[in-house]
Amino acid sequence: MDSSPSLIVTALTPHVGYAKSAALVKRALVERRPLVDVALEEKVLPEEKLRKILDALPMTKGGVQA
């Protein structure tokens, strides 16, 4: 996920908005840090929820994920 910023922004946008998602990804890229670390540092979401949102496996499955 860290190598695909557009996927990360798409996954985060419904939860924190596009502007915040894009800012987090941009900061992570500039600082060469994992997005999860940057997002946790900025306390945008609880860690468990953030990790669930950024879990790539559900994104690769077909159908609607709840």
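User: Why are Arg27 and Glu31 separated by about one helical turn?

Analyst: Arg27 and Glu31 are four residues apart in helix 2 (residues 18-31), which means a separation of about one helical turn. Helices here are DSSP runs of H or I with at least four residues, numbered from the N terminus. This is a predicted model, in which local features need pLDDT of at least 70 and side-chain atom pairs count only at pLDDT 80 or more, while totals for chains, interfaces and linings use all residues. Residues are numbered from 1 along each chain as its sequence is written, and side-chain values use heavy atoms, with hydrogens and water left out.

User: What makes the contact between the side chains of Arg27 and Glu31 a salt bridge?

Analyst: A salt bridge is a side-chain nitrogen of Lys or Arg within 4 Å of a carboxyl oxygen of Asp or Glu. For Arg27 and Glu31 the N to O distance is 2.9 Å, so the pair meets the definition.

User: Which parts of the chain does the pair of Arg27 and Glu42 link?

Analyst: The side chains of Arg27 and Glu42 meet in a salt bridge at 2.6 Å, N to O. Arg27 lies in helix 2 and Glu42 in the loop between helix 3 (35-41) and helix 4 (47-53), 15 residues apart, and the pair links distant parts of the chain. Arg33 and Glu31 also form a salt bridge, at 2.8 Å, N to O. Lys20, Arg27, Glu31, Arg33, Glu41 and Glu42 are linked in a network of salt bridges.

User: Why is Glu31 called partly exposed?

Analyst: Buried means under 20% relative accessible area, exposed over 50%, and partly exposed in between (1.4 Å probe, protein chains only). Glu31 has 35% relative accessibility, so Glu31 counts as partly exposed. Glu42, at 31%, counts as partly exposed, and Arg33, at 27%, also counts as partly exposed.

User: How do you know that the span of helix 1 agrees with its number of residues?

Analyst: The expected span is 1.5 Å times one less than the number of residues. For the 12 residues of helix 1 (residues 5-16) this should be 16 Å, and the end C-alpha atoms are 15 Å apart, which agrees. In helix 1, Ile8, Val9, Ala11 and Leu12 are buried.

User: Which residues touch the most other members of the largest nonpolar core?

Analyst: A nonpolar core is a set of buried Ala, Val, Leu, Ile, Met, Phe, Trp, Tyr and Cys residues joined through side-chain atoms within 4.5 Å. Of the 16 residues in the largest one, Leu12, Leu24, Leu35, Leu50 and Leu54 touch the most other members. Helix 1, helix 2, helix 3 and helix 4 are the elements that give two or more residues to this core.
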